[in-house]
Amino acid sequence: MKRFLDLTFRPFFVLTGIVTALGALNAFWPRWAIEKLELIPFIQDYTIILQHWGILLGLMGVFMIVAAFRSDWRRPILIYSAFEKAFFVYLVATNVTRPYARGFWFGAGMDATVVLYTVVYFGVCGFKTPSL
């Protein structure tokens with residue numbers, strides 16, 4: 001399993017970091033992102049929180065990519081991303097019957113995969129800072 005993680009860590013976190021960073025579209029084009037990507041109606045009153053969420057996603061994605069290359073970033077970024085993503089999965093799962101949740105299924109699926117990978121990573125490698 002250690003060999004699998006050594007081979008896949010960097011590409012996995014670069015790819016999932018890019019997909020996460022695409023959430024920044026909410027910060028810059030909130031109406032387009034909500035209607036075309038999240039598939040829910042745009043409500044002007046929520047623009048500020050939507051843009052804030054978008055910039056947080058964008059930064060999380062960038063930090064995940066950096067953590068793929070910087071071992072000293074791994075532990076804090078992976079712990080933070082696992083909690084953030086696990087909570088998002090929880091929110092989507094507990095609202096799965098609501099029409100507004102359907103646009104978030106892909107993101108929740110990807111986030112669940114990141115959480116699972118992170119749990120396996122820490123289970124196998126521990127919480128020590130790896131050398132690259």
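Modeller: Gladly! Start with handedness: the crossing of α4 and α5 is left-handed (the near helix is turned anticlockwise from the far one by less than a right angle; clockwise would be right-handed). Helices here are DSSP runs of H or I, at least four residues, numbered from the N terminus. This is a predicted model, where local features need pLDDT of at least 70, side-chain atom pairs need 80 or more, and totals for chains, interfaces and linings use all residues. Residues are numbered from 1 along each chain, and side-chain values use heavy atoms, without hydrogens or water.

Biologist: At what angle do the axes of α4 and α5 cross?

Modeller: Two packed helices are described by the angle and the distance between their axes. Here α4 (residues 47-69) and α5 (residues 71-94) cross at roughly 140°, with axes coming within 9 Å. Therefore α4 is oblique to α5.

Biologist: Which residues make the contact?

Modeller: Among them are Trp53, Leu57, Met60 and Phe63 of α4, and Trp73, Ile77, Tyr80 and Phe88 of α5 (contact means heavy atoms within 4.5 Å). The residues of this contact divide into 14 nonpolar, 2 polar and 3 charged.

Biologist: And which element gives the largest share of the lining of the largest pocket?

Modeller: That is α6, with 5 residues. Helices α1 (2-21), α2 (25-28), α4, α5 and α6 (105-125) each give two or more residues to the lining. By class, the lining has 11 nonpolar, 5 polar and 5 charged residues, with Gly counted among the polar ones.

Key: Axes fitted to C-alpha atoms, helices over the stretch in contact; angles between N-to-C directions. Parallel < 35°, antiparallel > 145°, perpendicular 65-115°, else oblique.
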